[in-house]
Amino acid sequence: MTPQLLENFLQALFAGLTVGSIYGLMCVGLALIFGVMRVINFAQGEFMMLGMYAAFYFFTAFGVQAALGPTVGPYVAAILAGPLLFGVGYIIHKALIGRVSGTRAQVEGEGHYAQLILTLGISLIIQSVGLIAFGSILVSVRTPLSSSAWELGPMWGDLVSIFINKSRGIAALISIAVIAALALMIGRSRLGKSLRAAADNPEAATYMGIDVDRAHSVAFALGVGVTAVAGGLLATNYPFHPYVGLEYVIIMYAGVVLGGLGSIIGPFWGGMTIGLVQQLSTLVLPTQLQNTAIFIVFLLIVFFMPQGFFGRVTERT
Amino acid sequence: MPAALRSLAPFFVFAAVYATLALVITNSYYQLMMTLVLVWASFGLAWNLLSGYTGLVSFGHAAFFGIGAYTTALGQIHFDLSPWLLIPVAAVLGGVAGLLIGIPTFRLRGVYFALSMLAYPLALLYVFEWLGYQEVTLPMKRESAAAYMQFADHRIYTLLALALLAMIVVMTRMIEQSRFGMALLAIKQNEAAAEAAGINTLKWKLLAITLSGAIAGAVGAFYAVVLLVVTPVSVFGMLVSAQALTVTLFGGVGTVWGPVIGSAILIPASEILHAELGHVIPGIQNVIFGFAIVVLILVAPEGIFWKARDFAYRRWPALVAQPASGAPAQGTEGMPGTPAAAQPFPSGDVHAKGDAPILSVRGLSKSFGGLKAVQDVSFDVPRGSILGIIGPNGAGKTTAFNLLNGFLEPDAGQVLLDGRNVIGRKPHQLCAAGVGRTFQIMRPFARMSVADNVAVGAYVHARTDGDARRAAADAIDRVGLTGYADRLAGELTTRHLRLMELARALAGSPRILLLDETLAGLGHTEAEEVIAIVRRLAQDGITIVIIEHTMQAMVRLVDRFVVLDHGAVLVEGPPEAVTRDPRVIEAYLGKKWTAYARS
């Protein structure tokens, strides 16, 4: 391997790891919703888009930039998008999705279809409202960090050095921190226990005095909030528009299927895999086929490891 | 198929009205809209054929649609072929794609299947972009326009679309009423039960996705002809797959009417909103459209068709006498004088093969992780006898059944049917070999009539639909449900559902019947009635193995008991001996009761 190839490989690897961490966070949000409620949320990409715009407006219009400056500001704004979208998710679940899911409807059979089309309708509304409210121009959260990098090396006798984009690196670290906090909360807290109980056996949980419908609302809101933070973190690196959700929702689904829907950490590795495949594929494939590479690797993994990385066989096959 | 034709009458009325309307309207914009309504209705029907009837939701039908669209576009550009030829070719390619996608993807179930289907059209989308087919325009043919399906008068496209839709509707209707449709519905309700009822589920699913892909391919091909421009996003995009879901789910799943209703409402609504409001505030039309979908789904979660039908059913029961899922008129061939005498299949072969046990179990073992669910279980079932398998909850009874009818493969041991080892055979093969079974948890096909529910079980031996109907009618008669044959299963009581499940197993003319807690949830007198029926079946020569966790009801029914505890055989013997056995009492009640029982 020539130093040049090695450098390209390591460069793509590190890019994949950082982007993969953010994708992982996105996937965790979607998986949380599915894991607890058994609902496929088609609007998750739109919630992520809202997270991006929330971060954007927190940063530019609501004084975060003025107060904290362009270096720290974007990340604070991204994290602030979480609680805001938590509220939005909670309301949407209470008002709409909770009416056709949870204890009020059987999850299998006809109820299942109603949830699908309901989230499709919601995604259409959010996209279009986004278009009206935000316009169709590409925007991004500007930070000087996105155009600077940490340099690892030079190594191997000054031949190889790797640049890690600072903005992505910080975003990756924040993603990991958010996931750690979430895992801790789900594993340890009373709320986390009620979520797990509601996921495991809604009926039994009801008899144990757990308000399953409320647990569903919380899980939905939490999932939306987590994905929104991931969106806010991406906003510093990638310009976006109101239809950006469609591009990422696919990555989310793929990551979630890879990681398995049963756990918190599984979808994170699923998202990470997608990030790595996406970045590493640029070494051998034209950029246009980046996404095709993702889907092919995705299908291969699904067929050869139908249980995913962390899922249970019985659930999947 | 006269019944099928009769049930199509409403559709042909609709088609005639629609055609008249299309001929009157001259505005080319509205003409295009009228064509697109039919295109999306057809595409919805393609999706419905797979997802609506089997319950396996596909998010990837754009793959077939796009393949079809690019087939016409590229075929005309590169080979100068006419769409008249290319549309059938597109159907073939779509079908092949369906088969190739189905073979690996059916390994997945439920939500994993649905999400994996997403990957196919999106992978193709980027491939077509990379190949440089960002925007492909069909070449205009001035001279022989009609030969290339190019018409100045847009009304002709609407009529062609109507013909395409009619073909698909007729096909769907025929499938609905054949054993194919029954098999798909059975898979949707409960794939395991369908397999146990003798249905080769993989075969039917593959057939469904192949047909569904073929239809979607043809529709996509026609779409390209109508719009003349094909882009990867407009035919492979996620919104295309979503369109199939939206029109079908909105109108109603699992009926030919659903996609037609959904498309007839949604497509004009979105187009008109687009035309009227789109230029005022861009995006507002989709907001209203989205809200309409959301509100409607909250009011009618199962779709417009089913909501309307349930309403009509309550309001004017006489008017909607037949379940709309398309049960053909019952009894035209089966009713006159089919008492037990005219059985098409001898259901118990009493005299065959002497005294050798019909079923022998030898050293059967199965573990799940560290849990030994069944350990070294052996017993014989003599021909024509009734064997009761009892044991406390978690003793391994249902696992033992799953090993007997092929749902599970044992870690060790043999199951001998007529002396031949049947380990490794699939449930539907065992069903065909004469092993019928019922389930502890009932999953009736709620929207189908009792007769249709039972007919699903009859197809395993029936050569024609008529044979299946007769076998079903006979099975219903044997469990005493004849008066309920035309009722919807969703309206039955627990007792009748149990009997219906029994009839479904009987319809496959089993020689040995495995009954899993058939008495569960029944009151004392109800249980007595079911027991009487089971006893009569045994007298007719069917060997019966029945699981229960309580003993009382069983004592007077069975010839022998096998008592399982912790996965192993605790005691085996005639009822009198077993009920007095201290080990059995201990397993059921704990040690301290053994002393009472002895004294």
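The model is predicted. Chain A has 12 helices and two strands, while chain B has 25 helices and 12 strands. The contact between the chains draws 41 residues from chain A and 39 residues from chain B.

**Chain A overall**

- The order of elements along the sequence of chain A is α-α-α-α-β-β-α-α-α-α-α-α-α-α.
- Chain A has a radius of gyration of 20 Å, close to the 20 Å given by the globule rule for 317 residues, so chain A is as compact as a globular protein of that length.
- A box of roughly 65 × 50 × 35 Å, taken along the principal axes, is filled by the C-alpha atoms of chain A.
- Buried residues make up 54% of the 317 in chain A.
- Among contacts in chain A with a separation of 6 or more, 75% join residues 24 or more positions apart.

**Chain B overall**

- The C-alpha trace of chain B spans about 100 × 55 × 45 Å along its principal axes.
- Of its 599 residues, 51% count as buried.
- In chain B, residues 24 or more positions apart account for 74% of the contacts with a separation of 6 or more.

**Where the chains meet**

- Chain B brings 39 residues to the contact and chain A brings 41.
- On the side of chain B that touches chain A, the elements giving two or more residues are helix H6 (110-130), helix H12 (238-251) and helix H14 (284-299) of chain B.
- H6(B) supplies the largest share of that side, with 13 residues.
- By residue class, the side of chain B that touches chain A holds 30 nonpolar, five polar and four charged residues.

**Helix packing in chain A: H2 with H9**

- Helix H2 (residues 44-60) and helix H9 (residues 245-259) of chain A pack at an angle of about 120°, and their axes are 8 Å apart.
- Angles from 65 to 115 degrees count as roughly perpendicular and those over 145 as roughly antiparallel, so the value for this pair makes H2(A) oblique to H9(A).
- The two helices, H2(A) and H9(A), cross in a right-handed sense.
- H2(A) makes the contact through A:Gln44, A:Gly45, A:Glu46, A:Met48 and A:Met49, and H9(A) through A:Gly245, A:Leu246, A:Tyr248, A:Val249 and A:Met252.
- Six residues of this H2(A)–H9(A) contact are nonpolar, three are polar and one is charged.

**Helix packing in chain A: H3 with H8**

- Helix H3 (residues 64-95) of chain A packs with H8(A) at an angle of about 145°, with the axes 7 Å apart.
- The crossing of H3(A) and H8(A) is right-handed.
- The contact of H3(A) with H8(A) contains 17 nonpolar residues, eight polar and one charged.

**Helix packing in chain B: H4 with H6**

- Helix H4 (residues 62-79) of chain B and H6(B) pack at an angle of about 35°, and their axes lie 8 Å apart.
- From H4(B), B:Ala62, B:Ala63, B:Gly66 and B:Tyr70 meet B:Tyr120, B:Pro121, B:Leu124 and B:Phe128 of H6(B).
- The residues of this H4(B)–H6(B) contact comprise seven nonpolar, one polar and no charged.
- H6(B) is also the helix that gives 13 residues to the side of chain B that touches chain A.

**A loop residue in chain A**

- A:Tyr243 sits in the loop between helix H8 (212-234) and H9 of chain A.
- A:Tyr243 counts as partly exposed because it has 15 C-beta neighbours inside 10 Å.
- Between A:Tyr243 and A:Phe220 the sequence distance is 23 residues, and the C-alpha to C-alpha distance is 22 Å.

**Positive phi in chain B**

- Most residues other than glycine have a negative phi.
- B:Ser509 has a positive phi of about 45°, although it is not a glycine.
- B:Ser509 is in the loop between helix H20 (494-507) and strand S9 (512-516) of chain B.
- With 25 C-beta neighbours inside 10 Å, B:Ser509 counts as buried.
- B:Glu517, likewise not a glycine, has a positive phi near 50°.
- B:Glu517 is in the loop between S9 and helix H21 (524-539) of chain B.
- B:Glu517 is buried, since 21 other C-beta atoms lie within 10 Å.

Conventions: Residues are numbered from 1 along each chain as its sequence is written. Chains are lettered from A and ligands numbered from 1 in the order in which they are written. This is a predicted model: local features need pLDDT of at least 70, side-chain atom pairs count only at pLDDT 80 or more; totals for chains, interfaces and linings use all residues. Axes are lines fitted to C-alpha atoms, for helices over the stretch in contact, and angles run from 0 to 180 degrees between N-to-C directions. Helices (H or I, at least four residues) and strands (E, at least two) are DSSP runs, numbered from the N terminus. Angles under 35 degrees count as roughly parallel, over 145 as roughly antiparallel, 65 to 115 as roughly perpendicular and the rest as oblique. A crossing is left-handed if the near helix is turned anticlockwise from the far one by less than a right angle, and right-handed if clockwise. Two residues are in contact if their C-beta atoms, placed from the backbone, lie within 7 Å. Ala, Val, Leu, Ile, Met, Phe, Trp, Tyr, Cys and Pro count as nonpolar, Asp, Glu, Lys and Arg as charged, and the others, Gly among them, as polar. The radius of gyration is taken over C-alpha atoms; the globule rule is 2.2 Å times the number of residues to the power 0.38. A residue is buried if 20 or more other C-beta atoms lie within 10 Å of its own, exposed if 12 or fewer, and partly exposed in between; C-beta atoms are placed from the backbone.
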